[in-house]
Amino acid sequence: MNKIGLSERRFTTISGVEVEPFYEAAPPGELPAPGEFPYTRGIHRDMYRGKLWTMRQFSGFATPEETNRRYHYLLEQGQTGLSVAFDLPTLMGYDADDPMAEGEVGKCGAGVSSLEDMEILLRGIPLDKISISMTINSPAAVLWAMYLAVAEQQGVPWPKVSGTLQNDILKEYIAQKEFIYPPRPSMRLVTDTIEFGAKHTPRFNPISISGYHIREAGSTAAQELAFTLRDGVEYVEWALARGLAIDEFAPRLSFFFNAHNDFFEEIAKYRAARKIWALLMRDRFGAKAERSMKLRFHAQTAGCSLTWQQPQNNIVRTTLQAMAAVLGGAQSLHTNSLDEAYALPGEHAVTIALRTQQVIAYESGVTAEPDPLGGSYFLEHLTCAIEEAAWDYIRRIDQMGGMITAIENGFPQSEIANASYRYQREVETGDRIIVGVNAFQSLDEEPIEILQIDQAAHERQVNKLAALRRRRDGAEVARSLDRLRRAAQGTENTMPYILDTVRAYATLGEICNALRDVFGSYQESSAI
Amino acid sequence: MLKPIRVLVAKPGLDGHDRGAKVIARALRDAGMEVIYTGLRQTPEMIVNAALQEDVQVIGLSILSGAHNAIVPRVMELLREKDMTDVLVVLGGIVPDQDAAELKAQGVAAVFQPGASLDGIVEFIRSSVAQKVEADL
């Protein structure tokens, strides 16, 4: 103990930011009101008084039929938006009957191999009323085309559909690694969707620039923030180079952040995110429209924080994380289920997760005030610290020549790997306590019930696909794929051509292979 | 001095979540082992061929997608076909207890579930390889 009675132990946030014993005053500088530039305190003056966040549980498993039933269940339980989880073959652009899909169909999400599957997935869901988020990246343009084709079938005009396409390929190279094509042709596809969206779907977010997966891969909060915002800069630069005006597309750029364990650090991260983005948009890109400068984000609680041991504790972790997202001003939120360290969530577990959001929204009182912790000395200092660390990374990546070069040099990847190894070592030595894992263990644990995906899901998908291949007009499929190949070789926007292939019931695998023929595939280095 | 243990860390299947594989690869290297990381999306055939060419004593598989029941038995089968049953196979990832028991019955030496400690994994590999070496003498 030193003379003022404080322990001499260093305290750091979970990301390693050193925390002072106490803060005597707020950091210097102004703090404009909520709803005012640079929106540190939130993008709306009335925040959740005006509109609660969208409760949007990411969901998908087995077949489109089973997933569609889960969607109807979630909507009956008071969920206010849908979020589609696709299985790994779909994420990688393979059909259910591809040999590469062996063992993976329906395991991590719903398998969607054709427009027929998308029709089943969205059966009975009015696309002009329910907003839909789709977690799909490398083949995003194809799945989006399927969604737009279903809207046509429902008679819903495209200007009325709302939702979000994840479509953030840069973070795939950085963190989640579900990539198909090399970075530059992938960026062209993303730019095609942003351009197409700016013209045809004014209520749809064509991209959700994501830090979530960067954090799950083991980054610090500052790395999550910096790499995500710098990815955003890259997308903006490509769209501008395409000839779009900044205020034409920037209002529809959306973001997606993790909600991790360190409560104050997470809230600081969201506040810093809004501030940095507003400054980038105004000063670097000359945006004039306020909507271009307002960073809107979805948050998901941290899957990597969930423990296999004592899984009921995960309800508590998720509650704290969700609270941080709400206090940080999220526009939409997914809360993880207690069983997700084991498998995709069962219905009981997902209901508790949704109820967690409802308790926060309707019982805790935190919705009465925007940025309720604004002005806290600790929070304001943390916001400054994380903002500074993020600007530093953004400048370094600028100096490297942008995010694609940084990715090709392995820079963000190695920064994340270093941080994740450092964290795991801290857990190993007990410097970081994880309740139930490296402290407070229980000897006898009751096993929990987990969702099983049976092999029959795979067979059903394969049989359905075989029937579709027999039924459709094969010549029209081939013609549409040829036209897409030619468009991909040129510089035209590929979206109209992808829509034609989808309407002809070309499969996801066929469409992605046509693009593979033109763009090639990407292999990353296997450096440790 | 004993030669360092050679380990192939492999990431089979379509999943790209390589945080665990990379952390383990580093931990084994820091513990003095020679580690070869295959990179992503390796088929069982590619993994067994790499193990043969690199002459490793240990294969560490990282699978988080639930595809372990399709992938791991195929790796074990190929090792038997190529007369490589002396290679120690360990598996890490999201593997439920009953699947873990089934895979061990097929010859997997250990299944490390979420929360497993790095030092525990290092120790297991060291002692298992030492036992195999002794048995061969």
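Guide: The buried residues of helix 14 of chain A pack against strand 1 (54–55), helix 13 (313–327) and strand 10 (332–334) of chain A. Helices (H or I, at least four residues) and strands (E, at least two) are DSSP runs, numbered from the N terminus. Two residues are in contact if their C-beta atoms, placed from the backbone, lie within 7 Å.

Visitor: Before we go on, what kind of model is it, and how are things numbered?
Guide: It is a predicted model, where local features need pLDDT of at least 70, side-chain atom pairs count only at pLDDT 80 or more, and totals for chains, interfaces and linings use all residues. Residues are numbered from 1 along each chain as its sequence is written, while chains are lettered from A and ligands numbered from 1 in the order in which they are written.

Visitor: Back to helix 14 of chain A. Which residues are buried?
Guide: They are A:Ala349, A:Val350, A:Ala353, A:Thr356, A:Gln357 and A:Ile360. Buried means 20 or more other C-beta atoms within 10 Å of a residue's own; exposed means 12 or fewer, and partly exposed is in between, with C-beta atoms placed from the backbone.

Visitor: Where do they sit on the helix?
Guide: Seen down the axis of helix 14 of chain A, the buried residues fall within an arc of 110°, so they line one face. The arc is that of the directions from the helix axis to the C-beta atoms.

Visitor: And which exposed residues are on the face turned away?
Guide: For helix 14 of chain A, that face carries A:Val359, A:Tyr362 and A:Glu363.

Visitor: What comes after helix 14 of chain A?
Guide: A:Gly365 follows, and its phi is positive, near 85°.

Visitor: Which of its residues are buried?
Guide: In helix 19 of chain A, A:Ser480, A:Leu481, A:Leu484, A:Ala487 and A:Ala488 are buried. They cover an arc of only 120° around the axis, which puts them on the same side of helix 19 of chain A. Their cover includes helix 20 (495–503) and helix 21 (508–519) of chain A.

Visitor: New topic. What about A:Glu266, buried or exposed?
Guide: A:Glu266 counts as buried, because it has 32 C-beta neighbours inside 10 Å. It lies in helix 11 (residues 263–284) of chain A.

Visitor: What is A:Glu266 in contact with?
Guide: Leaving aside neighbours within four places in sequence, A:Glu266 is in contact with A:Ala221, A:Ala259, A:His260, A:Ala324 and A:Gly328.

Visitor: Zoom out. How many helices and strands are in chain A?
Guide: Chain A has 21 helices and ten strands. Of its 528 residues, 53% count as buried.
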